[in-house]
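Biologist: I would like to learn how to read a helical model, one feature at a time. Where do we begin?

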Amino acid sequence: MVVAIFGWWLLSLGLPDYIIPSPWQVAEGVYALFFDPAKAEHTLISTVRVIGSVIISTVLGALLALLPRWVPHMDLVVHQRVQPFLNSFPSVGWAILAVIWFGNSTPSVMFVQIAILTPFCLVNVAEGLRELDRELIEMGVSFTRTRRRVFFKLIVPLLAPYVMAAVRIAYGVGWKIALVSELFGADRGLGYLMLEAQILSDAATVFATCFAIVLIFIAGERLIINPLTRLAGHP
């Protein structure tokens, strides 16, 4: 790491700031994104959007995956129609539609993120349903005829690791698409700051924004996702 930073610094000496800024300039930019109130607001907004989108996408994906279990004839609709459509629809298409429908706003950004993340959650939870221990469920049914108890006492705990896997994937992908969605449809957020940096040829802010996202992602994984994953039954 030290060697990489030193090499970066040497490279920045021979190139203008708008191409390769120095590590110190980028470090100052990262600090500002967390501690300068004007810029920290953008960081907080993007973080809240991603977390909210992950939660909503996980719920929607789980409901879609569970729908054929409650209504068997919906299996074809969900897995042969809805899932392929969501998986194949271009991200840029969602972004453009969001701007047309919602304008430059938080709903516009979250719509794009939810539309892209939902199929990841749907696939993971659906795979969990296919891998359920049928014998264990049959044993549970033999003890009670109440479907609600079987669902919450058996199916939900068995699905929990798959749901957390969906959350982990959605959280990672969510940050990858956050900037794109904000570039198209937001007047606040890290994507908006990056758009401003592009207009001003401010490479330091571009680097700082990317590194800030990496730091937020790592913090979210270690402080939230990993503990929840262990709680769900994964090591």
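Modeller: Begin with burial: buried means under 20% relative accessible area, exposed over 50%, and partly exposed in between, with a 1.4 Å probe and protein chains only. This is a predicted model, in which local features need pLDDT of at least 70 and side-chain atom pairs count only at pLDDT 80 or more, while totals for chains, interfaces and linings use all residues. Residues are numbered from 1 along each chain as its sequence is written, and side-chain values use heavy atoms, with hydrogens and water left out.

Biologist: Is S57 buried or exposed?

Modeller: S57 counts as buried because its relative accessibility is 0%. The residue is found in helix α3; helices (H or I, at least four residues) and strands (E, at least two) are DSSP runs, numbered from the N terminus. Contact means heavy atoms within 4.5 Å. Leaving aside neighbours within four places in sequence, S57 is in contact with Q113, I114, L117, T118 and C121.

Biologist: How many helices and strands does the chain have?

Modeller: The chain has ten helices and zero strands. Its C-alpha trace spans about 75 × 40 × 30 Å along the principal axes. Of the 235 residues, 43% are buried. Among contacts between residues at least 6 apart in sequence, 69% join residues at least 24 apart.

Biologist: What span should helix α2 have at 1.5 Å a residue?

Modeller: The expected span is 1.5 Å times one less than the number of residues. Helix α2 (residues 23-35) has 13 residues and should span 18 Å, which agrees with end C-alpha atoms 18 Å apart. Its buried residues are P23, V26, G29, V30, A32 and L33. What covers them includes α1 (2-13), α3, α9 and α10.

Biologist: Where does α4 have a kink?

Modeller: The bend at a residue is the angle between axes fitted to the seven residues ending there and the seven starting there. In α4 a kink of about 30° lies at V82, shortly before the proline P84. Helix α4 (residues 75-88) has 14 residues and reaches 19 Å from first C-alpha to last, close to the 20 Å expected. V78, H79, Q83 and L86 are the buried residues of α4, and they pack against α3 (37-70), α5 (91-102) and α6 (106-130).

Biologist: How is a pair of packed helices described?

Modeller: The description uses the angle between the two axes and the distance between them. Axes are lines fitted to C-alpha atoms, for helices over the stretch in contact, and angles run from 0 to 180 degrees between N-to-C directions. Angles under 35 degrees count as roughly parallel, over 145 as roughly antiparallel, 65 to 115 as roughly perpendicular and the rest as oblique. A crossing is left-handed if the near helix is turned anticlockwise from the far one by less than a right angle, and right-handed if clockwise.

Biologist: At what angle do α5 and α6 pack?

Modeller: The angle is about 150°, with the axes of α5 and α6 9 Å apart, so the two are roughly antiparallel. The crossing is right-handed. Among the residues making the contact are W94 and F102 of α5 and F111 and I116 of α6.

Biologist: At what angle do the axes of α9 and α10 cross?

Modeller: The axes of α9 (residues 190-200) and α10 (residues 203-232) cross at roughly 160° and come within 9 Å. That makes α9 roughly antiparallel to α10. Their crossing is left-handed. S201 lies in the loop between them, and has a positive phi of about 55° although it is not a glycine. S201 counts as partly exposed, at 43% relative accessibility.
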